Amino acid sequence: MALRCLLCRSFSARNHTGLPVLPSPSFISTGPPTTKENEPNCHKFIERRYGYHLQWMITVEIDMHLCSMRLINVEAFLEREQLFRQGKQVDRRAKVLEFGDDEVTEYAILSHRWIEQEVDYKEIVKLAKMDEEERSEIRQRDGYRKILQSCKQAKKDGYKWLWVDTCCIDKRSSAELSEAINSMYRWYENSKICYAYLHDVPGSSFPTARNNEWYARKLNGWPEWFSRGWTLQEMIAPRDVQFFNKHWHPIGDKRSLSPILEVITRVPRDILKEGLSSNRPCVAQIMSWAAYRTTTRVEDRAYSLMGLLDVNMPMLYGEGKKAFQRLQLEIIRMSNDQSIFAWGVRRIGSILADDPSYFRNCEKMELMNQDEFVRSFIPEEELPSLDDRFGTFPITNRGIRIWLFLRPLVGSDSVFEALLPCHSHPSGSPVAINLTLWESNYCRYGGSIHHEWGDLQLCHVYLRYQDTPHRNVTFEIDDSAITGKGFAYSVAFPEGLITGNTVTLTTDPLCVKNYICSQGYDFAVGFGQCFGQNWIHVVGKGPDSPLDSLWSSYDLILASAPECAQSMKKARVGDAGCQVYIMETPLPRSTWILQTSCVMWKSSRMCGVKLEVFQDSGFSNVSGEWKGFDVDVSGFFFVHAHYYLIQVTIYTGNR
């Protein structure tokens, strides 16, 4: 244990904690530890002014803040391997791993695809102390051969130090692992040379065309190295990346291969050549580079992007997809880049994306000039009153507080379009995303809504970033009563959500069944879930109705989802374990009325639905609204995935 001065970095022989003082490592110390006699003036000044507790940092072996990188001593490693090969005695106390400062040490670094036979920190340190059989097994692993070949290449290139992630991090220490992951981008960026080892490339040249037969399970016909999450930063951060095939023969470097690397990775050529500091892209574009990449641990999809996005946060393995949510919140705390909201996936809920794949279509995304963006919507004379409304959007326990340009969907009180100061190509319009108002917060509302929008307004809103309630739900549909009256089931969308008369929703928010009539009175029934509320909605088509396609009915019903969910929620009465909902809908330009009955069990994820049609010339009593009733659940039972009503007792206020 040693003590280092916070100002002059020298080690002191005085130990104010009662711990013994050890000599500092030779490669980071500028001289012997100071004594009371030769102590620098800065030591005495801090002691007089602030006391000992601010003067010193306690370090284990070294000052971890200044020199936190464990490196392979290339010469020591190769010498030890030579002795192993010759069967000679090895000094068990000899170290092959030492700490170094990435800011001043010249070192090489390895980038590779992890395999099952890797060698970890404990094994590399204890190798000399193992028996011959155990040592031989480790030395024959592919992971050990990678380290050995990397050391040979580093020595050939004139480097004394090498970093390899498999053995240079003691992963038994969660603190060290967290520090390493937070520092990794910087370590690759500060390396003098990076060896990118492509273990599945047997040829003597870099692949320049897809090979779906050879790399079919990888990334669109390219070597596996290009499909991994961690290798993205390992390709971008170092200035000099040298590629090697499976036999460790050089097959090209990053700068000369930048045209084909741009095709493979979608990372722009100038970024590959000059790094992120030359012209930093927006958040959405950086996310898009990782959209098709995978990691063994789901959390690493987020952790592997921290350096690229210039944020730091603690590691919490076991948190699952929440890691990506934390990453986005950390970005929002550090930046006002609204492209983080520009992802495009059909989803209702949090304003934040679930994973990088949501940004797959953002590879050309660019930020717009904030002033120009605002001036295009706000008159010049009103600009001074806006102050700095667009500069920040703080995170609160209610949501992300932000100013947005919103315009409502015509005919809707809860669906809006928000314009963001970014575009997908230089001359393009601002990106528009759909939002819905639910319980005073605005949530992301997936899908394209091709309808008329109202006037644009600048609004101060809260965007919900917490996960919204969601349950998988199954609708059992009985439409036998309508088939004998000239109506017939036509088609459903999406088709994969329906089997027979059963609609199952997991991640999709909606499934629509279309029914046709020989007289032209077609209609569509939507079965959906919105914020944990199951809902059903009917849209009718008359002979002159514009509702002329399955997609248009899906689009129209999806646009109504929040209102429909709220309508069924409001129709609920009491808190019984089972609810019956009934709605009558007049079909346009006809005397037909569609009656939809729905049974929902509070404790179940099943909904029973019955569709019936009848003719009635008096439409005056048909409200088109849901009516809810509490029922006695003792009268229900479940047979062969269908619900049957044996005895129903309707509870009214006067029961």
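Reader: Leaving aside its neighbours within four places in sequence, which residues is Leu-329 in contact with?

Author: In this predicted model, local features need pLDDT of at least 70, side-chain atom pairs count only at pLDDT 80 or more, and totals for chains, interfaces and linings use all residues. Residues are numbered from 1 along each chain as its sequence is written, and side-chain values use heavy atoms, with hydrogens and water left out. Contact means heavy atoms within 4.5 Å. Beyond its neighbours within four places in sequence, Leu-329 touches Leu-352, Ile-395, Ile-400 and Tyr-465.

Reader: Is Leu-329 buried or exposed?

Author: Leu-329 belongs to helix α14, residues 322-334; helices (H or I, at least four residues) and strands (E, at least two) are DSSP runs, numbered from the N terminus. Buried means under 20% relative accessible area, exposed over 50% and partly exposed in between, with a 1.4 Å probe and protein chains only. Leu-329 has a relative accessible area of 8%, so Leu-329 is buried.

Reader: How are α3 and α6 oriented to each other?

Author: Helix α3 (residues 74-86) packs against helix α6 (residues 142-156) at about 125 degrees, their axes 10 Å apart. Axes are lines fitted to C-alpha atoms, for helices over the stretch in contact, and angles run from 0 to 180 degrees between N-to-C directions. Angles under 35 degrees count as roughly parallel, over 145 as roughly antiparallel, 65 to 115 as roughly perpendicular and the rest as oblique. The two helices, α3 and α6, are therefore oblique.

Reader: Which strands stand at the edges of the open sheet, and why is one side of each left without a neighbour?

Author: Seven strands make up the open sheet, in the order β5-β4-β7-β6-β8-β9-β10, with mixed pairing. Two strands pair if DSSP finds at least two bridges between them. Each edge strand has a single partner, so one side of each has no neighbour in the sheet; these strands are β5 (97-100) and β10 (250-253).

Reader: How many of the residues of β6 are buried?

Author: Let's take the two directions in turn. Tyr-107, Ile-109 and Ser-111 point one way from β6, while Ala-108, Leu-110 and His-112 point the other way, and all are buried. Strand β6 is largely enclosed by the rest of the structure, because the buried count is six of the six.
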